[in-house]
Amino acid sequence: MRGYFLISAFALLCGCVAPSQNLKPGVSANLAQEAFVTLDPAGKDAPATMFKSGEELLKEVERLGGARGEYETDSAFYERISKLGNFSVGGVVFPSQIKFDPATGEFTLKVSMHEAQGFGFKSNLDFMQASKTIYPSFILGEDVYSGTKYSGQNSFGASALITKRKINRYYLVFNPVPKAPRNIMFFDIITKLNITAAEMESQRDNIRVLFTVKAAPNYLQVTSNYQQPTISNPYESVIKNYFFSAKLFWIKVVNIKTGKVYSDEARVRVKAL
């Protein structure tokens, strides 16, 4: 099992499966069935265009032509996406993802990544390979746009005022890693925060995980699904999922408004149960 952690961590960092189970630079493991990815220090200060949110990133991607066209050639596509270059994008942090230690006064951030295929991301691998592969992803956030309202009724005669809405969800999808046999794998971003209690109270809503990445060949996928309204959930929703594929360089935790850095190096933990 230790070998699978090393392979998975290496794949997440480098975009390919390690040729052996020997320990590679940038990957540390222990006997508790987990490994940590230590990112290349060169990525820490890599020049990158800054996007505060998934919405800002999407606007730039659409300016460059959006997702790959059905009849777009390889050369035209890669020439277009190369203009994006390296970029940094901020992802939302929820209060439940920050823990306070009353004994030390320290704040620790732990944010889970999720399997992108479970949200509709389509691998370019064949079905059998894709079923043995995990695409770790981070949910950057979502934007909800409310529209018109109408009166709806279910088959039992109960009525409710239904609101039409559009939801855009943004995902940052990283290099695929092989699944461990007979185990459930978890990918977490973990770091201690250099922040005071007073600042946490006043600035918590502005805390973001900041990823420095480079667009990967998949670049952008867009999927849509529809959510029917119910009496308890009176919303008719069209949900668009935007998957930005990227090679990971560095992770920080920052204040998205002031630019203050609360952690200049977060690590990715690969763990299995």
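## About the model

The model is predicted, so to read it: local features need pLDDT of at least 70, side-chain atom pairs count only at pLDDT 80 or more, and totals for chains, interfaces and linings use all residues. Numbering starts from 1 along each chain as its sequence is written, and side-chain values use heavy atoms, with hydrogens and water left out.

## Helix H3

Take helix H3, residues 74–81 (helices, H or I, of at least four residues and strands, E, of at least two are DSSP runs, numbered from the N terminus). Its buried residues are Phe-77, Arg-80 and Ile-81 (buried is under 20% relative accessible area, exposed over 50%, partly exposed in between, with a 1.4 Å probe and protein chains only). They sit on the same side of H3 because they cover an arc of only 90 degrees around the axis (the arc is that of the directions from the helix axis to the C-beta atoms).

Strand E12 (207–227) is part of what covers those buried residues. Ser-75 and Glu-79 are exposed, on the face turned away from the buried side.

## Asn-168 in strand E9

Asn-168 belongs to strand E9, residues 159–173. With a relative accessible area of 5%, Asn-168 is buried. Beyond neighbours within four places in sequence, its contacts include Glu-142, Tyr-145 and Lys-240 (contact means heavy atoms within 4.5 Å).

Phe-94 is in the loop between strands E4 (86–92) and E5 (98–101), and is partly exposed because its relative accessibility is 48%. Its C-alpha atom is 8.8 Å from that of Ile-207, 113 residues apart along the chain.

Leu-273 comes in the segment after strand E15 (267–272). Leu-273 counts as exposed, at 64% relative accessibility.
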